[in-house]
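Please keep the sequence and the model in view while reading.

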Amino acid sequence: MKYQIPRGTYDILPEQSHKWQRIISAFRELAAAYGYEEISTPVFEQAGLFERSSGESSDVVKKEMYRFTDQKGREFALRPEGTAPVARSYLENRMDIGAAVRKLYYIGPMFRYDRPQAGRYRQFQQYGIELIGSDNPYYDAEVISLLWFYLSGLGLAKLRLEINSVGCPNCARDYDAALQDYFRPHLGQLCPDCRQRFELKPRRLLDCKVKTCREIAQGAPSQLDYLDEPCRKHFQDTQHQLELMGIPFTINPRIVRGLDYYTNTAFEVSYEGLGAQNSLAGGGRYNGLLEQIGGKNIPAIGFAGGFERLLLALEEEKVPLGNAPAPELFVVTLGEAAREYVLPYLNKLRLAGIQAEYDPDKNSFKAQLKAADGRRARHALIIGETELAARSVILKDLASGEQQTYPLEPLSVLIEAIRR
Ligand code: HAM
């Protein structure tokens with residue numbers, strides 16, 4: 001019986017790992033510079049947490065959630081996103097006590113059952129941040145800036161930032177009514193999903209990918225014309241802060257986002273040239289979510305992006321992400337006596353932080369040097385009988401061919417030469 005990897009998932013092979021590590025550590029470093037602390041939550045949660053926050057009518061909950069019942073009949077779901085779990089943890093761990101604002105970041109797998117294609121997987125890795133405890137538009141701009149500078153800092157040029165305001169529940173009520181008035185005469189032409197959306201969540205009508213629905217939606221009223229005064233000001237202040245930072249953006253009133261919890265600012269960063277799945281990251285405010293899941297009325301904002309699409313974009317733009325790390329040192333022995341030295345010697349080098357290797361299956365000098373080459377080692381460390389008698393080793397630079405003799409002990413002299 002041959003087993004296969006589940007559809008829509010992938011292995012990160014050793015040759016690829018360094019690229020992942022590079023973009024993950026760049027995110028960690030930038031998030032820390034902005035004052036964010038890492039949080040990790042379980043990969044599964046009570047299914048109700050997502051139904052309540054993302055919305056029962058959202059595609060993520062309705063069609064894409066991996067649900068399961070455990071041995072005691074409890075309903076769980078593999079997390080499709082990270083915002084609701086972080087909000088749950090914030091409330092459960094009473095993070096509202098003390099600091100006025102909590103800045104949290106996370107990195108980890110999310111799960112959505114969708115038709116796999118380039119840039120869309122059933123298990124994918126998200127990086128994200130959540131800033132909980134303030135409604136200040138200063139933070140809207142700061143959160144967007146972290147995303148912008150992360151992506152542009154990695155070397156991506158063809159980025160597009162689009163922002164919108166979906167208003168507060170007050171504005172949304174008026175807007176939903178206006179949308180229903182607009183779509184009502186076209187109900188017969190809409191797809192079955194959109195006919196449901198018409199009743200439950202008219203704003204989702206703007207997000208439909210079906211051609212006829214998209215065409216009809218083109219003439220729909222804009223959310224921006226239905227913002228009340230405080231929401232309009234919040235949006236303007238956010239834009240002003242973005243302008244102060246010189247971050248280029250366009251306003252796209254069609255950005256509604258696929259999850260139901262958004263209020264006010266909503267944004268997406270896309271990358272030209274990624275095809276259908278070109279959204280690198282997205283986010284927005286969710287001032288009602290914490291209350292919805294049992295907390296107080298606490299405002300919040302955040303974003304998340306997928307590392308897979310980010311890697312595709314970096315590849316498309318030919319941004320170099322370095323090579324898989326090669327050993328600094330490959331030990332080559334000549335004769336039985338030298339072999340006795342290898343393990344204790346390697347231990348000392350490795351514990352001193354030198355990446356050192358040896359191939360005990362190869363006997364001849366030539367075969368060992370070939371193995372060192374194959375592993376792209378920087379140096380060969382030759383321990384032969386003559387050297388041992390003289391209590392010395394030879395360090396050979398494999399690129400230039402230059403070699404020099406060093407004392408066997410103390411190791412510090414050799415280590416210094418390797419690091420030079
Ligand atoms: P989202 O737009 O559903 O938002 O997902 C954010 C990002 O995750 C997308 O822009 C995309 O890069 C990546 N992504 C989503 N689904 C897939 C998939 N099937 N395969 C590969 N990548 C995918 C959220 O998840 C919100 N929690 C963001 C947020 C945080 N809002 C406020 N705080």
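Is T41 buried or exposed? The model is a predicted one, and in it T41 lies in the loop that runs between strand 1 and strand 2 (44–46). The relative accessible area of T41 is 16%. Buried means under 20%, so T41 counts as buried. Apart from neighbours within four places in sequence, T41 is in contact with R79, P85, V86, R88 and S89.

The protein chain contains 15 helices and 16 strands. Its radius of gyration is 28 Å, whereas the globule rule gives 22 Å for 420 residues; the chain is therefore more spread out than a compact globule. Along the principal axes, the C-alpha trace spans about 95 × 55 × 45 Å. Of the 420 residues in the protein chain, 50% are buried. Where contacts join residues at least 6 apart in sequence, 69% of them link residues at least 24 apart.

The surface and the charges complete this overall view. The protein chain exposes about 20,800 Å², and carbon and sulfur atoms supply 50% of that area. There are 53 positive and 54 negative side chains in the protein chain. The centres of these two sets lie 3 Å apart.

The strands can now be considered in their arrangement. An open sheet is formed by 8 strands in the order 1-5-6-11-10-9-7-8, with mixed pairing. At its edges stand strand 1 (37–38) and strand 8 (250–251); each has a single partner strand, so one side of each is left without a neighbour in the sheet.

Strand 7 (residues 159–165) pairs with strand 9 in the antiparallel sense over 7 bridges; here S165 has T265 as its bridge partner. Strand 9 also runs antiparallel to strand 10, to which 6 bridges join it. In that pairing, T263 has R285 of strand 10 as its bridge partner.

Strand 10 (residues 279–285) and strand 11 (residues 300–306) are antiparallel and pair over 5 bridges.

Strand 6 (residues 123–132) includes Q123. With a relative accessibility of 29%, Q123 counts as partly exposed. Leaving out residues up to four places away in sequence, Q123 touches G8, T9, Y10, P109, M110, F111 and E308. Q123 and L289 are 166 residues apart along the chain, and their C-alpha atoms are separated by 25 Å.

A further pair of strands remains to be described. Strand 15 (residues 392–397) and strand 16 (residues 403–407) run antiparallel and are joined by 5 bridges. Across this pairing, K396 stands opposite Q403 in strand 16. The two strands form a hairpin with 5 residues between them, in which G401 takes a positive phi near 85°.

Terms used
Residues are numbered from 1 along each chain as its sequence is written. This is a predicted model: local features need pLDDT of at least 70, side-chain atom pairs count only at pLDDT 80 or more; totals for chains, interfaces and linings use all residues. Side-chain values use heavy atoms; hydrogens and water are left out. Helices (H or I, at least four residues) and strands (E, at least two) are DSSP runs, numbered from the N terminus. The radius of gyration is taken over C-alpha atoms; the globule rule is 2.2 Å times the number of residues to the power 0.38. Buried means under 20% relative accessible area, exposed over 50%, partly exposed in between (1.4 Å probe, protein chains only). Contact means heavy atoms within 4.5 Å. Accessible areas come from the Shrake-Rupley method with a 1.4 Å probe; for residues, only the protein chains shown count as cover. Lys and Arg count as positive and Asp and Glu as negative; His and the chain ends are not counted. The place of a charge is taken as NZ of Lys, CZ of Arg, CG of Asp or CD of Glu. Two strands pair if DSSP finds at least two bridges between them.
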